[in-house]
Amino acid sequence: MKLNNKGWGTTEMLLLSGGLLIALLVAVFFISKLYGSFENSVANRQYVDLENKLEDAAKEYVRKENISVENELRISATTLKDKNYLNSLSDNEGNSCSGYVNVFNSNGTKYYSAFISCPKYETANY
């Protein structure tokens, strides 16, 4: 019995190497996108914290002032500052931000959505 002892040929080796190279490039692309999104999320974390702070102040304002929300209510950050429910609304660089909170009443449950506008960030649909 005669065996084929030719092994890998140049064509097969080039095809395999090319396929591995393409897979490596795709992996590098997705890894760079992943780390890029982590950097953006860390940078925007301060603004998410500001939105949460504004939302918490609005919840306390509605609860303590016994405000009735029929359908929708918009509470500005200025109102919350004037009523002493919010100290300040500024980013880590000291830039002043503006904002508001939409309060929706759905079947007796209140839902809060905070929106802020800062020099380097703005909540979607502000």
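Me: Which residues form the nonpolar patch on the surface?
Reply: Trp8, Met13, Leu16 and Leu20 form that patch, with about 470 Å² of accessible area together. Patches take residues with over 30% relative accessible area and no salt bridge, and nonpolar side chains (Val, Leu, Ile, Met, Phe, Trp, Tyr) are joined within 5 Å. A salt bridge is a side-chain nitrogen of Lys or Arg within 4 Å of a carboxyl oxygen of Asp or Glu. Areas come from the Shrake-Rupley method with a 1.4 Å probe, and only the protein chains shown count as cover for residues.

Me: What kind of model is it?
Reply: This is a predicted model, where local features need pLDDT of at least 70, side-chain atom pairs count only at pLDDT 80 or more, and totals for chains, interfaces and linings use all residues. Residues are numbered from 1 along each chain, and side-chain values use heavy atoms, without hydrogens and water.

Me: Is Leu20 buried or exposed?
Reply: Leu20 counts as exposed because its relative accessibility is 57% (exposed is over 50%, buried under 20%, partly exposed in between). Leu20 sits in helix α1, residues 10-64. Helices are DSSP runs of H or I with at least four residues; strands are runs of E with at least two.

Me: New topic. What is the strand order in the open sheet?
Reply: The order is β1-β2-β3-β4, with antiparallel pairing. β1 (72-76) and β4 (121-122) stand at the edges with a single partner strand each, so one side of each has no neighbour in the sheet. Strands pair if DSSP finds at least two bridges between them.

Me: How many bridges join β2 and β3?
Reply: Nine. Asn105 stands opposite Lys110 in β3.

Definitions and conventions
Patch = residues over 30% accessible without salt bridge, like charges linked within 9 Å, V, L, I, M, F, W, Y side chains within 5 Å. Buried < 20%, exposed > 50% of the residue type's maximum accessible area, 1.4 Å probe, protein only.
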